[in-house]
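The questions below ask what stands behind some labels used for this structure. Each answer sets a value against its definition.

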Amino acid sequence: MGMAMNRKEHFALSLFCILLAPSAYTAPVEITLPAETATLRESTLPGYTLALQKCSICHSVDYIKFQPPGMTLEQWTDEMTKMQHSYGAPIDAQEIGSIAAYLAVSYGSAEATDAAVIAVSAPKSATAAATIDVDELLNANACMGCHSIDTKIVGPAFLDVATKYAGQANAESRLSISIKSGGAGKWGQIPMPPMSGLSDAQAKALAAYILKQ
């Protein structure tokens, strides 16, 4: 009797698995996320262009807007330092202060006329006849997170960009402008953030490097 019951239970379990099986192979549900529409508050502070260029590499503007209101310059500086040390954000000490000042004024409790804001927002002193290190520029601006020399990642491979611009008049100038202004549509719908924090010479150095590939 016990043997018969075990066979019946086995049959019932097998039938249940057969009935369940088709649902296990149902096509996965596809979810399309809405397009990014949030934008940073415009400002004349130099940290604004740096934030446009570097913050959007890792997260949306909503992440900034959802921070507690009224944060001080010191608190925003701590936040930016955490982004650099814990998450590897491509920003140096000068940029931490500049971006923090912009965020503290635009989203926190600081004023653009505060002495501390003015101090950390001051531009770096220019070094005459400085040699531009392209590898350092690529690393500092996280370029290789979205590009590679010969393989498409998020953005096009440098080799593909060089091929597209080959033989075009003023290719270096046109590409350097594109690097600084960013945009979308040339290589797909994923936008490239503007790198407006670069000097004209730095943008041209990057363009020249890409066009040599």
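Q: Why is Ile 64 called buried?
A: Buried means under 20% relative accessible area, exposed over 50%, and partly exposed in between, with a 1.4 Å probe and protein chains only. Ile 64 has 5% relative accessibility, so it counts as buried. Its place is in helix H3 (residues 61–65); helices are DSSP runs of H or I, at least four residues, numbered from the N terminus. This is a predicted model, in which local features need pLDDT of at least 70 and side-chain atom pairs count only at pLDDT 80 or more, while totals for chains, interfaces and linings use all residues. Residues are numbered from 1 along each chain as its sequence is written, and side-chain values use heavy atoms, with hydrogens and water left out.

Q: Which residues is Ile 64 in contact with, leaving aside its neighbours within four places in sequence?
A: Contact means heavy atoms within 4.5 Å. On that basis Ile 64 is in contact with Leu 40, Cys 55, His 59, Trp 76, Leu 103 and Tyr 107. Tyr 107 is 43 residues from Ile 64 in sequence, with 8.2 Å between their C-alpha atoms.

Q: What makes H2 and H5 roughly perpendicular?
A: The axes of helix H2 (residues 46–54) and helix H5 (residues 93–107) cross at roughly 105° and come within 7 Å. Axes are lines fitted to C-alpha atoms, for helices over the stretch in contact, and angles run from 0 to 180 degrees between N-to-C directions. Angles under 35 degrees count as roughly parallel, over 145 as roughly antiparallel, 65 to 115 as roughly perpendicular and the rest as oblique. H2 and H5 are therefore roughly perpendicular. Residues making the contact include Tyr 48 and Leu 50 of H2 and Ile 99 and Tyr 102 of H5.

Q: How do you know that the buried residues of H9 line one face of the helix?
A: In helix H9 (residues 171–181) the buried residues are Ala 171, Leu 175, Ser 176, Ser 178 and Ile 179. Down the axis of H9 they fall within an arc of 160°, so they line one face. The arc is that of the directions from the helix axis to the C-beta atoms. These buried residues pack against H8 and helix H10 (200–211).

Q: Is His 147 buried or exposed, and why?
A: His 147 has 15% relative accessibility and therefore counts as buried. His 147 lies in the loop between helix H7 (134–140) and helix H8 (158–165). Leaving aside neighbours within four places in sequence, its contacts are Ile 153, Gly 155, Pro 156 and Phe 158.

Conventions. Helix = DSSP H or I, 4+ residues; strand = E, 2+ residues; numbered from the N terminus.
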